[in-house]
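Subject: Structure handover

Hello,

Here is the structure I promised you. Please open it next to this email and follow along.

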Amino acid sequence: MYTESAKLTLRMPYVDSLKEKRQIRRSLIDKTRKKFNVAIAEVDTQDVHSVLSIGIAVVSGVASHARDSLETIIRYLEDNTDVDIDFEIY
């Protein structure tokens, strides 16, 4: 069994409140979880309304599949959001 994980930091300067951030977070996490069937959650910066930090974990029987899946998820998030994304893969 192989696992790959990443921490993504999404910078959202246009978000003005924690309520707006929660709506964006919920939508983004639900869509990603449904499309890719991965573990995904907010992991940091819960009290900062303009930054969303999420963690993603992928488990697979093949190491290359786990890595490819994680890279596909990151590309999906970059292509389908209008925010600046920094990420670290572990």
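Start with strands β2 (residues 39–44) and β3 (residues 51–60). They run antiparallel, and 5 bridges join them. Find A41 first: G55 in β3 stands opposite A41. Then look at the hairpin of β2 and β3. There are 6 residues between its strands, and T45 takes a positive phi near 55 degrees.

Keep in mind that this is a predicted model. The mean pLDDT of the protein is 93, and 100% of the residues reach 70 or more. Confidence is highest in β3, at a mean of 95. It is lowest in strand β4 (residues 84–89), at 90.

Next, the core. Nonpolar side chains tend to be buried together in soluble globular proteins. Here the largest nonpolar core has 21 residues. Those that touch the most other members are L8, L10, I54, I56, V58 and L77. At least two residues of this core come from each of β1 (2–11), α1 (18–36), β3 and α2 (63–79). The most come from α2, which gives 6.

Which residues does L8 touch? Leaving out residues up to four places away in sequence, its contacts are L52, S53, I54, I56, I74, L77, I85, D86 and F87.

Last, the largest pocket. Its volume is about 180 Å³. Of the 13 residues that line it, I24, S27, L28, N80 and T81 are the closest to its centre. The elements that give two or more residues to this lining are α1 and α2. α1 gives the most, with 4 residues.

Best wishes

Terms used:
Residues numbered from 1 in each chain as written. Predicted model: local features only at pLDDT ≥ 70, side-chain atom pairs only at ≥ 80, totals over all residues. Heavy atoms only, no water. Pairing = 2+ DSSP bridges. Core = buried A, V, L, I, M, F, W, Y, C linked by side-chain atoms within 4.5 Å. Buried < 20%, exposed > 50% of the residue type's maximum accessible area, 1.4 Å probe, protein only. Contact = heavy atoms within 4.5 Å. pLDDT = per-residue confidence, 0-100. 1 Å grid on protein atoms, 1.4 Å probe; cavity = no way out; pocket = protein on both sides within 12 Å on 5 of 7 lines; lining within 4 Å. Points joined across faces, edges and corners; volume = space filled by probe spheres on them.
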